[in-house]
Amino acid sequence: MPGEVIDRPNPKALKSLIPEDVLKLSVQLEKLQLSDSDLKGLEEFRRASNYIAAAMIFLSDNAFLERDLTHDDIKPRLLGHWGTCPGLTLVYAHLNYLARKNDLDCIYVVKFYPQYAQNKQGLHNLITGFSTPTGFPSHINAETPGSIHEGGELGYALSVAFGAVMDKPDLIVGCIVGDGEAESGPTATAWHAAKYIDPAESGAVIPIVHVNGFKISERTIYGCMDDKEMVTLFTGYGYQCRFVEDLEDIDRDLATSFQWALDEIRKIQKAARSGRPIMKPRWPVIIMRTPKGWSGPKKVDGEFVEGSFHAHQVPLMAAKTSKDQLADLQKWLLSYGPAKLFTETGDVTDSIKSVIPIEAEKKLGQRAETYKAHEPLKVPDWRKFGVEKGTEESCMKTIGNLIDQSLVDNPKSLRIFSPDELVSNKLNAVFNHTGRDFQWDEFSNAQGGRVIEILSEHTCQGFLQGYTLTGRTGIFPSYESFLGIIHTMMVQYSKFNKMARETTWRTDLSSINYIETSTWTRQEHNGFSHQNPSFIGAVLNLKPDAARVYFPPDANTFLSTVAHCLRSKNYVNLMVGSKQPQPVFLSIEEADAHCQAGASIWKFASTDAGLNPDVTLVGIGSELMFEVVVATAILRRKCPSLRVRVVNVTDLMILEAETLHPHSLTNEEFNSLFTPDRPIHFNYHGYSNEIKGLLFGRPNLDRISIECYKEEGSTTTPFDMMLRNSVSRYHVIEAAIKAGAKSNPHVALDMTALLGEVRHQVSKVQKYILETGRDPEGTFDVPKFDGTVFQGGKEGKEGKGESGGKEDGFFVN
């Protein structure tokens, strides 16, 4: 049975066992008296919109039905989603009416195209081009004026809508949530988003739950819930619930409900803006029950269509070949009376225009917030927050100070969205001058906090998208392992942004900024579930003009990277780094130059500043780079004849083959950095396929070896994580000796003995960790490099500055 069998259209929900008294929680209203002209305008608006929606699915010609349809008028491929259209056009008509009557700043989450002018040719182009290679696609996307949400993947409309109204006190967003989308987990959490809206500083969302009862082939959960179940659910969420279901008087019913919703919003906002905020305000929500495919064919081939899942996509799939279905299509389209809805020139009638805002900038599809509202940030000079070279500092603690000042300098255009991890991630400094924006918490209510923490990555991402797409800038810090939760949301956003860049009328946006910390390298205490760097690959798979992935190796480079990302536009920026104290290898000036280049030779750790190396050792990722640096210090003692060049890569995209990415090094630059012909060993934070994919197309790749995260982990010690994944200093030493022996006979002569000693050390350290549950003393001490700021290494307990731990027989440093 491919679809559910029903015995009647539009079946009602069975009665629940909840007491009848709960229905008193729903809002009862006396309907407004609308003028006959307003009612006529609304009804004609809906008829015209439904005609266009249906015609777009089917017609390749004869757009105004000025003659009988023929099979040649039907598109060869029928695409679209008719079932939800009547509900969407109903809401769209009334949001326009509400905006006109109240001089409202309003956008709708679901001028720019001369080929779609308001004349016969324009409407012909719109109808016949829909879902063809030359027209609009079948889902909402960036080419749709007024849209700030990519259609297709369900679950995010509501959180995007709430993100859009933050710091926009006059903005109202009408957000329609279908009862299919309402079944998604992200939507279920997003109902709590209203608890993060401070009505003193932000606008409001009018959620419209469109209950048409069916998905693709069966009924929806909400469609099977009666009014008692719905009102108790949404009352618990914190909303006042108004049902719109009078199909015989739907325009007055919905107009009354929208006006009530706006009045309730204004009461809540007025109280907050006069210094008397309402604690736990009950925001309005509208539950709109209309049949799926309303006004379309009642039955096709003996099956109910209107009021059933058969209306979901294309009700008359055989219209191209079936005489009967062609006749049904003509009857359906003519039922809207197109001749009375469009003038001789092809424009809509004045009656329809009467319910639409007069000023172009007030029209839902032309709101500036949706396409040209970018507010560049005032980014502080990151150098003021720089750390002294040779010390140790947490990257997250350091950038926290920069972000804190950025929040101070941009009080209405920068926010942080985080899954309750800021303190854990050592970004405490962001709270120096602000707080959290959780309005239902008495300790953060009405305090203007710029930080939103909610344990839903989906909701954080939705907020980030809505906030960014309406012109502002957001930062999303997270544990590394859990950013993958919003992988597909990020991809959907990137698709939207790609198409936005290809329009002529959408202007630039701030980049979306992810800070990925609490990485697998230091999640040894939480265990295997918290060890997952896969989000890196998700960003790398984006188009080259969008993807930006950074691995700052220390606090100063991370400061430079954050400042750059906050200034950037149109990218997906991923910054990966450590929250634990790390050596500050580069001065402020060195860090600036390093980040500008994307990579550099670390001369202090290289032999003769990196001249004529036997092997190039490359670290990507702060902890992985530390292992490379320690390895080179040990090699100076254990294998002094080996010549090593040490390179750090902070901008991952420089590795991509020449011309494939805007940041790609030319082959000449690549060879200058890594040598033209010597072996290169990468110690990489992510998965090896990511490096292999980036390097593909570079010449002479057989000289490259890679060690990386290998999905090995547990609750163990930090250094054991390095050992388990073959990225420890010992593994770097082994790779360096093997590579160096190919061209250096002195290294080759001693290779077997050296490798034996190294492997013996690995065994001894692993045994020690297993027996004691800790890493050997001195494992994470800064190594010694004579003639540099690190010439003393890290002072041990005896104050001698010697490398290595006190455990007998180890060399860990």
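Met-489 counts as buried, because its relative accessibility is 1%; buried here means under 20% relative accessible area, exposed over 50%, and partly exposed in between, with a 1.4 Å probe and protein chains only. Colleagues, the model before you is a predicted one, in which local features need pLDDT of at least 70, side-chain atom pairs count only at pLDDT 80 or more, and totals for chains, interfaces and linings use all residues. Residues are numbered from 1 along each chain as its sequence is written, and side-chain values use heavy atoms, with hydrogens and water left out.

Let me stay with Met-489. This residue sits in helix α13, residues 487–502; helices are DSSP runs of H or I with at least four residues, strands are runs of E with at least two, and both are numbered from the N terminus. Not counting residues up to four places away in sequence, Met-489 touches Glu-153, Tyr-156, His-458, Gln-461, Gly-462 and Gln-465, where contact means heavy atoms within 4.5 Å.

The axes of α4, residues 157–165, and α12 come within 6 Å and cross at roughly 45°. Axes are lines fitted to C-alpha atoms, for helices over the stretch in contact, and angles run from 0 to 180 degrees between N-to-C directions. The two helices, α4 and α12, are therefore oblique to each other; angles under 35 degrees count as roughly parallel, over 145 as roughly antiparallel, 65 to 115 as roughly perpendicular, and the rest as oblique. The contact of α4 with α12 divides into five nonpolar, seven polar and no charged residues. Here Ala, Val, Leu, Ile, Met, Phe, Trp, Tyr, Cys and Pro count as nonpolar, Asp, Glu, Lys and Arg as charged, and the others, Gly among them, as polar.

What lies in the loop between α12 and β11? Thr-470 is found there, between α12 (457–469) and β11 (473–479). At 0% relative accessibility, Thr-470 counts as buried. A polar atom of its side chain lies 2.7 Å from the backbone oxygen of Gly-466. Leaving aside neighbours within four places in sequence, Thr-470 is in contact with Ile-148, Ala-164, Lys-168, Glu-369 and Ala-373.

Finally, I turn to another helix pair. Helix α2 (residues 85–102) packs against helix α7 (residues 250–273) at an angle of about 50°, with their axes 10 Å apart.

Key. A polar contact is a pair of N or O atoms within 3.5 Å; within protein, one must be able to donate a hydrogen and the other to accept it, and residues adjacent in sequence count only if both atoms are side-chain atoms.
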